[in-house]
Each structure stands twice: as structure tokens, then as C-alpha cells.
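Here's a quick briefing to read alongside the model. It walks through a few spots worth a look, grouped by topic.

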Amino acid sequence: MTTHQPTFRLATLGAAMCAALLMTACGGGDDDPSFKTLDGKQPQVIAHRGYSGMYPEQTRMAYEKAADAGADMLELDMHMTRDCQLVARHNAWLSDSTNIADVAKTNAAVAARKRTTPGVLVNVKYPAIPANGPSQYLTDLVEPGNQKSVLKALIVDGEDHSNDWSISDFTMQELRDWIAGTTLDNRADRPTEWNGKLPLISAQDVIDIAAAKGKALGRTIPVYAETKNPYWNNQQAIANGCGSGSHPFEDAVMALLEKNKLNSKDSAIYIQSFDPESLKYLRKAGMKAKGVQLIDGNDFDLKDGSMVYITTDEWTFISGRPYSWTLAGDARTFAVMQTPAGLAEIKTYADGIGPWKPQVLAHSVVPYKDGAGLKDVNTLKDTGLIANAHKAGLIVHSFTFRNEAGRLAGIYKGDPVQEFLAYYRLGIDGVFTDFTPTGVQARDAYIAELKNQ
């Protein structure tokens, strides 16, 4: 999963709301607390890219340490390599979460694969008005009619990453042998001792790690895998000769499920995506495993806590609406997914939603003051999204919980446990976090709180 981090994309809720939320979100007896989750069980702590707050993300060490710290699930993003393998990586470009720039200094083969061809602007198909965002977006199909030309530029869902390396230009073995992972989010605040020392791994590796750790720890540890940038991955895969259809990326996901005997409703895996077309295709292809529709956004207005989806730049295409909607000329945004009708539509192809935190609890500064930022947030309001999703029969897993002070709304007073507690009290079914131990600690505190009611 995922996601980009615009201006205020950080954290949510805290101490001042605890009492009010407790009155509406808690219940249960002294010995057997009753949770407000959809299934009545305790909320799940989902290790976002492993224990990525302390170790290079989506590496073996990050996943093993997360399991040891008590993670209920291990989350990963999937992209497709040049030889049609599913690799555990967050971004399609490699320079920001690996040591590839350093490797390129001494490895001529790596240096030669940097993509430098510029993308091409194309017009949107929906009305080109400011309310819909920019009137043009970048494409990597630099030679219309030539599918192979998508292997020249590095444009991912309208986002320009020229002068970087594409994950689809390397085989899985090359990625293992040549490239090593690093921290990505909050790099300046996180340990660096393992940066550049841990090789990249495949989606299959993550499944194997979860199985091995589950056996060692005596519990089932599901994997939570995202089909990342599905349109881009499919176009790259087609150009690389992967598969025979129009969705080689999702076809590879189906093969992964079948190979590991995970294609059933109760299997230890979730498949998530920001793009509904990816999940819908998987359902049509026979996916029976649980699916989750991720819901993105670009920012929020601190005056009233309302979400911002449309921008004047490429972020509209990246996080304002599913990219398949842009391609289809559909000007709607992720906002429609949060309406009762939108949730009902999601229920036809998914089992849950994965919203960004401020879509669950609206952040605002009251009274508002010019120049206010996340550190000034003093008011949070339940948007009703969890209750509405549960009414529609959908679980809710929200992203992304981080410990750094700069990621926390001011109302939490620098204590990340308070943020977790706020969402647990609302009945959240699960939380994506870079810091597994904090999520577990907060849940323990929440359970103790319930027992003392």
C-alpha cells in the first residue's frame, strides 16, 4: 500500500477526544471485552511493509522482526519484474528505497538501464475544467501504437520519474543479486545501519516468511498483498512478453494464490488495491480470497477537516481518483467510494475498505488560524465511515500509523499510542503501521480499558 504523503498526510486523533470516543466506541464485560469490529474480534495490527519503522522496508529482516513483535499480518506491495515475477516493492522506481544509485557507480549494466526518455502529454477524456484537475497528464506510451515504447520513459500513473530506474527492467534474480533495500518514509528519523545490506525479495518470499514464522510462533500470520499501479504493471508486462492476455499482472497474482493454495475465502491472505478495476478483474478471473478496496486522498482542509482530492498538478491522477477512471474519462474521485452507494458497490467485489486515516476521523483546527499545520490540530470528528462500512458488511483497515512526532496531529501530544487508541475505540478492524510494537502496545491498553468499563 500505500501511498504518497502530501502536505498533511501524517497522523490522526488524540487525548482530547478520548473520553467522547470511549463513550461511543467501547463496550464489553470485565473478562471478555466486546469489540466494535465487524466480526467482534480484536482489531488487527498489520505490519506495513514489515517493521519498516526500524528496518529497510519489504526485506526479510523487516518481515521477520514484525512477526516477532506480534504483527497479525504482513503487508507488501507487488510489482512485476522483467521476467514476469512478483517482487515485494512499494514503488515502480528504485532510487528512493534501494541503493541502486550507488550500485550504478560501479555496475555498468545497472547504470545503462536508467530511463531518461521524457513522457508525452495527452488530453483527459472528461471535461477539462478546474474542478476535475489538470487538462493533461503524462503517459509512457511515447510512440502511439508501439507497445514496446512504454519501456523507454518512466511515467507511472501520470507521475514523472525520469532519470530513475524501473523495476520492470530487472529480473528477479538481478534485483536479488545487485540491489538492496533502504528505509523510505521518514528516512532522517529512522535507523540506517541496515540500509544497502538486505537484498530485495519476492512476493513468494513474503508468503514463505509468514508461513515459517507462523509455524515457529504457533499462530497463523496472513499476508496482505497490494496490486500496485496495476495499469502500469500490465502495460510493462505486456511489453516484456509476460502472459498472453491484457492482465498479465493480475494473472500472476492468481497463479500465486493457486500455487500456495490461498485462493479461498478463509485463506491467510488479503489482496488490496487502490484501483477497483484490478480487484474486479481478479474476481472475474476466479479470485475467492479476501479483497480490500484502498481509498486514497491528497490532503485535507484544516478549516473544517474536509478531504481534498483534486489538485492543480499530477497528484490528481496519483491520489485523487483511481487511475483507471482517468483513462476511462471518469472524473469522479475517491470521495464517491465513501458514500453508502459507493460502499454498496465495493461490496460487490471486495470484503473491505482501506481508507486514509483522516477519512475516518476528520482533522481540523478550531478556531482556525492562518498557517496552521498538523501540529495545531485540536479537533477530530468521526466521519461515520467505519459505521457505514460495517453496515454494508465491509471491514475497515486504515493507513498508515507512524510514531514520528511530525506524523502526529497536535492533539496526541507526541504520543503515537493515543492515535491508535482513538481508532480502536471507533471500532476499526485493523491498522497498517510501520511500528508493530506500538500498535500491539496500544491494543493491549485498549483491551485493558474495555475490561475496566
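Let's start with the rings: the count comes to 15 aromatic pairs in this predicted model.

**Aromatic pairs**
- Y51 and Y55 pair up edge-to-face, with 5.6 Å centre to centre and 75° between the planes.
- Both partners are tucked away: Y51 is buried, and so is Y55.
- F170 and W178 also make an edge-to-face pair, at 6.4 Å centre to centre and 90° between the planes.
- Here F170 is buried, with a relative accessible area of 0%, while W178 has 28% relative accessibility and so counts as partly exposed.
- There's a cluster too: ring pairs link F35, F401, F420, Y423, Y424 and Y446.

**S52 in its loop**
- You'll find S52 in the loop between β1 (44–47) and α2 (60–68).
- S52 has a relative accessible area of 3%, so it counts as buried, the cut-off being under 20%.
- Its side chain reaches the backbone oxygen of H48 at 2.8 Å.
- Setting aside neighbours within four places in sequence, S52 is in contact with E57, R190 and D434.

**Helices α7 and α8**
- α7 (residues 230–239) packs with α8 (residues 248–259) at an angle of about 95°, and their axes are 7 Å apart.
- That angle falls in the 65 to 115 degrees range, so α7 and α8 are roughly perpendicular to each other.
- On the α7 side, P230, N233, N234, A237 and I238 meet P248, F249 and E250 of α8.
- Sorted by class, the contact of α7 with α8 has five nonpolar, two polar and one charged residues.

Note on methods
Residues numbered from 1 in each chain as written. Predicted model: local features only at pLDDT ≥ 70, side-chain atom pairs only at ≥ 80, totals over all residues. Heavy atoms only, no water. Helix = DSSP H or I, 4+ residues; strand = E, 2+ residues; numbered from the N terminus. Buried < 20%, exposed > 50% of the residue type's maximum accessible area, 1.4 Å probe, protein only. Polar contact = N/O pair within 3.5 Å; in protein donor to acceptor, adjacent residues only side chain to side chain. Contact = heavy atoms within 4.5 Å. Axes fitted to C-alpha atoms, helices over the stretch in contact; angles between N-to-C directions. Parallel < 35°, antiparallel > 145°, perpendicular 65-115°, else oblique. Nonpolar A, V, L, I, M, F, W, Y, C, P; charged D, E, K, R; others polar. Phe/Tyr/Trp six-rings, centres within 6.5 Å; stacked < 30°, edge-to-face > 60°.
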